[in-house]
Structures are given as structure tokens and as C-alpha cells.
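Please read the following report with the sequence and the 3D structure at hand.

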Amino acid sequence: MKMNGARIMLECLKKEGVDTVFGYPGGTVINIYDELFSFKEIRHILPRHEQAGTHAADGYARATGKVGVAIATSGPGATNTVTAIATAYMDSIPMVIVTGQVPTALIGNDAFQEVDIIGITRPCTKHSFLIRDVKDIATIMKKAFYIARTGRPGPVLVDFPKDIQVAMGEFSYPDSVEIRSYKPTVEGHPRQVEKACKMILEAHKPVLYVGGGVVLGDASEQLTVLARKLGIPVTTTLMGLGSFPGDDPLSLGMLGMHGAYCANMAMTHSDLIIAVGSRFDDRVTGKLATFAPHAKIIHIDVDPTSIKKNVRVDLPIVGDVKDVLAQMIKFTDKMKDKTVEFAAAMEPWHEDISAWKDKHPISYKSSTTTIKPQFVIQKLRELCDENAIISTDVGQHQMWTAQFFKFNSPRTLLTSGGLGTMGYGLPAAMGAQAAFPGRQVITICGDGGVQMNIQEMATLVQNKLPVKIVILNNNFLGMVRQWQELFFDKRYSQTCMELPIDYIKLADAYGAKGFLATKPDEVEKVIKQGFAEKGPVIMEFKIAREEKVLPMVPAGASLNEMVLNA
Amino acid sequence: MQHTISVMVENEFGVLSRVASLFSGRGFNIDSLSVAPTNEEGLSRMTIVTRGDDKVLEQINKQLNKLIDVLKVIDFTDGSGIEREMALIKVTAEDESRAEVLRIVDIFRAKIIDVTPKSYTIEATGNPLKIDAILDLLRPLGLKELVRTGSVTIGRGAKGWKG
């Protein structure tokens, strides 16, 4: 049956199992929207800004593990998606972004709402396509989804000129896809895996250093089995939180700039670091020259470019972390007597670690007069559903969430780790809530970031997405203020958000509910009220204004040079 | 250290800019780059001369391989390739220098491809060091214009790039 290009695009999405897309109409996608009008199999959510729509697709992808889909029109619609695409790229989130483009005959003519979006997004997409013939739509979409979700996942942009949307063609979706120049290595080399297991069993002070790859690769179970079986302590990056139960005795919590003292000390004193789906980011390693000076390093990653990019690696294993960890479990099963010896030899190491844990646990000074943000996080954790999904924005509240909200399962924390995008939290929660209407979805924000996409309140109310918005309000851009306090002589240049916003009235204006706590004894009540509401809610907490995120490794310092109290 | 890399790429829309922006975005150097289709349909071959220590070269290699349109990356650093470059050189050639230019052209087995009463245009082919050498000799005589193609490199021996 012949149909137009716009319809073919929708049929492709359906074939890929897409049930929800986030998009914003405009001149060069109007034909897609015309087809969508009568296409009931796909739910379309209209955000109030293309950036938010694309973040929502990202949040949807992170929470479900499926490919998130966003649509935007050409020109400004397309450029508005760029921050969200870069956010997804840095955190390896599978997404397909479809942008309208001016008709092919006009491309390059500086036409109305024309922009070279493929050129603009080249450095922050895994790949991109320009559709130039209606015959190619199905193959390109098949490739786009395949590339987005395989290997190291990432966003793929498909630029779709208006004349191709109107052109008529036959729809036939390919069953399989073959790209001769794209063959990601999925299976870890068995000999390398065997070597890795032997190295582990000879180590006395091993640490599993786990990143977002374990969440994205759905390998939490394998990781947890391996760590518990061998008794190896686990530290995770921000992106890895939830991949290993935060309340397990083997958990060291997060490492790095705002990581736990015990995690950073363990890295510094370790004789073997097993990096799994993590990439030795500068926020994790601190000063490279003094990073893990005594350790050999095993690095397991699906992306060969991550290996040896920042640190020397003694044993690289390229492969899907789930496959490699499963192989490691099997291999160590065969070495029972060795593993017993190994556990015994590790006893002093576990003693060191518990001493570090006891010496400087993640903590804060509680108060009866002002609300401590850490207290709010702990209360949220206590009162929320066990399977709640948490998104954060970027800044102090993000680090407090990472430190104090003990994440126990993967895909329950959605946060912009690599790019550090303020304005991410609210729309990402929106995407997760669209995917899981029945689950509790909470976004924890600061008063800075929440205002960067606050317009999405309208989307939440309109689509009955009952996201619980928590605002930790200190009337500061708190993280930058903290740096100014510590390193710039308290010169608070442009970090004070002087105009107080009435978030309760704001919630009301959008048709949502708002609750405010100004004193510690109101915290629990407000959280309970907020959680009890059926619709979207703002819960605002006026927190201690100059509370800092501690501990902290100053930029450029070694991991063990932590500021513990300041 | 200078390295010569061959990159086999799918002849897709925008592939040159993907490779070029990879180098600029990650702060890698390009000393020269040449690209043209190969005997296989849909495949083009780039020859890139770059520089960096082993760590940088490893990253260049891996990052190129990571591009979806890149089929194969070959690093010719260890002398395993034969390298050639062509230069078109316009030199001033008047009175007494005309004979000198011809002598240099002869020694380098280059060719005169255009001639006027005041100039010669020379085509010289060889490895880049040879091109540098002829340029050094011609420069004092009056070098008016120069075009170099950048290196192209092919592996030594009977095997093709697919092995």
C-alpha cells in the first residue's frame, strides 16, 4: 500500500515498538503531525519546550531501557534539542531524534527555519542521517534504532526534509539490519576474562569501580552476584548508583569529587581496580598522576575508546559488561578453593575499609531550627515507595541525593552525569512518569535548575503525570556559591537568586498543588501531603542557605586530599 | 611522532566532516589529508598524516574505528607502507636560472608541465621528504606557487588491505 513519507515514519516507530513520543509541531513536521492525528498506536506528549521534550525522551529511555523518541521541527525546534541530545550523548542514552528539515531543494539556501542540524549535532550524536528519498525511510529508521541501542548506546538524529514527508512510497520494514562498518564487540574475549579472574584472585585489596555501563547494560544482577560471591567491595560513580545495593555491607557508596571518604581511600590504597562500565572521568579520578598509585587496573567496557583514554590499564576487556561479568561468575565457580583462600587473604582489607567507613561516614550536622537538605533527602527515602524513580537536576541537591539516598536498584536514579545539565530533572521525571504511570516519580531539584524547565508543569498537569517536584530552595546557585566560598574568598558573584519565588502560587497557576516547609518539623508532613496527592505537586523546602556538599576533593587535587569539614 | 593512517570509509553523506570534526573536536592534528573513491563501489579511502605520542595515536585509531561509517583503519607507522605525494610547483625561470631549474627537475625525475618565458610549472612525485628536498632547492630561485596533494600510502607486499 502506498503512503506518504510522514506515515511511513510513524509505521517505522510502531514497528520498533515505540508507544510514546515527545515532540513539538512546526512548519517542517506538520505532515508528521497530520498523520499522527489519526494514528492511535502512538501516544504523543506535547512538552512546552523542545529541550524538555528531548530530556523527557531521555528520562523515558533511562527508566525503561528502551530507545526514547523525540520530534522537533527544523531550525529553532532542532537547535532547542541540542542540549538534551548532548546530555544523552555524554551519558550514553539510546535515543532517536527526528527533526524536520526544509524541502531538499531548499537545503543550503538559508531558507526559513533552516539550520544544518546534522552539522550542529555531529559531535554530540552517535550517528545521524539525512533522509533524501522516501524509499530510504524504513532502512534509515531501522539503522537509527539499531545504532542507538547497540554497543555503547547513544542518541541518533534523523533529519527528515518536508518534501520527503509528502512523497508517496511503499512501506516495508526490514527484518534485520547489516552495517558492515559497525560491528560492536559484545562478547568479552574468554582468555582475557580468564586472566582477569586470575588477577582478581591474586589481589589482596581489590575494588570494583562501577559505572553507568552496568545500569545501561542491565548487568546489576551479575555484578551483585560476583561482588557478593568473592566479597569484593564496590564503589559506584554517580551514573552507577543503583547498580549495586547502596545498603549492602560491601557498598562503599559513590567515589570521586563528592564521594565517600572510604571509597576514595579504598581506590588510593587498592592493589587491583576492576573498572566495570565506567570511564575514569576527571570527577572520579581527581589528579591523574596520583590516582590509584598502587593498583593494577582491569577495565571492562563495550567502548574501546574508553579504555586507556585517561589512565593506564593492565588488562582491557572489550565487551558487553553483562556478558563479561557472567563469564567471570562461571570462571570463578570453577576455582572454588582459590576463592576461599582469596576471601581469607582479604580480611585485613575489609578491616581497613570498615575503619575508613567509621572514621568519616557521609554525615551532616543536624539542626532543629533550619531544614538541612540532607535531612529532606533522608526523609524522602524513608517515606517514598520502594520502587520510586528519582530524577535530579544538577548541583548541590544532586550530590546530596547521591550521598544520602541509598539507591538499591538500577534505573531508579535519572541524573545528568556527564554533561551536568541544569534543567534536566523535571522533564526527565516527566518522561519516566509517562513510561510508568503507576510508579512514584520524584524529581529533586534546586531553585536554580527547576526554573530552567519550569514550564513543563503545564505538561505534567495536562497529561496527568503526577510527578512529585521537590525543590531544595536556598535562593542560591548553591554549588557555584560553594566554590566561591571555598576558593574565591566568598565573592558571591551572580550566584544569589535574590527574587524569592512563591512556588505555591506557581503550582496553583499551573493547576497543581504546592506545599511549603520552612522548619525541620514540617518536613515529614509536607512530604506526606505531597505523596498523598493524586496529581503533580511541588514540595518546597527552605533549606539552610550556606550548607555545603562535603566531603569534597578540590579540582585538581588527589582523591585522598579530601576537604572533610569546612 | 608523525604517523600515516589509511581510513576506509563508506562513501556516505557527510563522512569527510565526521572524520575532520573528530580530529578538531578532540584536539588531534592533521598534517595532511587526501581522499578519493576506491575500486570498490561505495568505499572511499582517506590518507591522514597526523602526529602524537602512542597514547594519542591509540585514541585516534579507536575514535576513528568508532565512527559508524569507518570500515577499517590502517596505521602505517612502522614502515609497512609506501608513501607518495605529488606537488605542482610554479617557479620563476628567467635567463640564467632556467637551466638550473631544468637540472633540478632532471635530478628529481620531475616533469615540466607548463612553460612560459618567465616560468616553469613542475610536477614532482615522491615521498614527502623528496618533495621537501626539491622545494628547498627551488625556493632560492623564486617559488611562485605550490600545491601538494598530501600523502597517499599503500601497504607493501602482495596482500591487499583486506589481508
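Where is the place of A:P551 in chain A?

## A cis bond and the model

A:P551 is found in the segment that follows strand 20 (537-542) of chain A, where helices (H or I, at least four residues) and strands (E, at least two) are DSSP runs numbered from the N terminus. The peptide bond that joins A:L550 to A:P551 is cis, with omega at about 0 degrees.

The model is predicted, and for that reason local features need pLDDT of at least 70 and side-chain atom pairs count only at pLDDT 80 or more, while totals for chains, interfaces and linings use all residues. Residues are numbered from 1 along each chain as its sequence is written, chains are lettered from A and ligands numbered from 1 in the order in which they are written, and side-chain values use heavy atoms, with hydrogens and water left out.

## Positive phi in two loops

A:K308 belongs to the loop between strand 13 (296-301) and strand 14 (315-318) of chain A, and its phi is near 65 degrees, a positive value in a residue other than glycine. With a relative accessible area of 29%, A:K308 is partly exposed; here buried means under 20% relative accessible area, exposed over 50%, and partly exposed in between (1.4 Å probe, protein chains only).

A:D489, which is not a glycine either, has a positive phi of about 60 degrees. A:D489 sits in the loop between helix 21 and helix 22 (503-509) of chain A, and it is exposed, with a relative accessible area of 67%.

## Buried residues in helices

A:E50 lies in helix 3 (residues 50-64) of chain A. A:E50 is buried yet has no salt bridge, and the nearest side chain of opposite charge, A:R48, is 11 Å away; a salt bridge is a side-chain nitrogen of Lys or Arg within 4 Å of a carboxyl oxygen of Asp or Glu, and in the count of charges Lys and Arg are positive, Asp and Glu negative, with His and the chain ends left out. The side chain of A:E50 does make a polar contact with the side chain of A:N80, at 3.0 Å (a pair of N or O atoms within 3.5 Å; within protein, one must be able to donate a hydrogen and the other to accept it, and residues adjacent in sequence count only if both atoms are side-chain atoms).

A:M479, in helix 21 (residues 478-487) of chain A, counts as buried because its relative accessibility is 17%. From C-alpha to C-alpha, A:M479 and A:E547 are 9.8 Å apart in space, although 68 residues apart in sequence. Helix 19 (residues 425-435) of chain A is mostly covered, with ten of its eleven residues buried, among them A:G425, A:L426 and A:P427.

## A pocket lined by both chains

About 1200 Å³ of space lies in the second largest pocket, a pocket being an open set of points on a 1 Å grid over the protein atoms alone, with protein on both sides within 12 Å along at least five of seven lines, and lining residues having an atom within 4 Å of a point. Its lining has 46 residues, of which A:Y89, A:D303, A:T305, B:Q63 and B:K66 lie nearest the centre.

## Chain B

Chain B has four helices and nine strands. Of its 163 residues, 40% count as buried, and its C-alpha trace spans about 55 × 30 × 30 Å along its principal axes.

How values were computed: 1 Å grid on protein atoms, 1.4 Å probe; cavity = no way out; pocket = protein on both sides within 12 Å on 5 of 7 lines; lining within 4 Å. Points joined across faces, edges and corners; volume = space filled by probe spheres on them.
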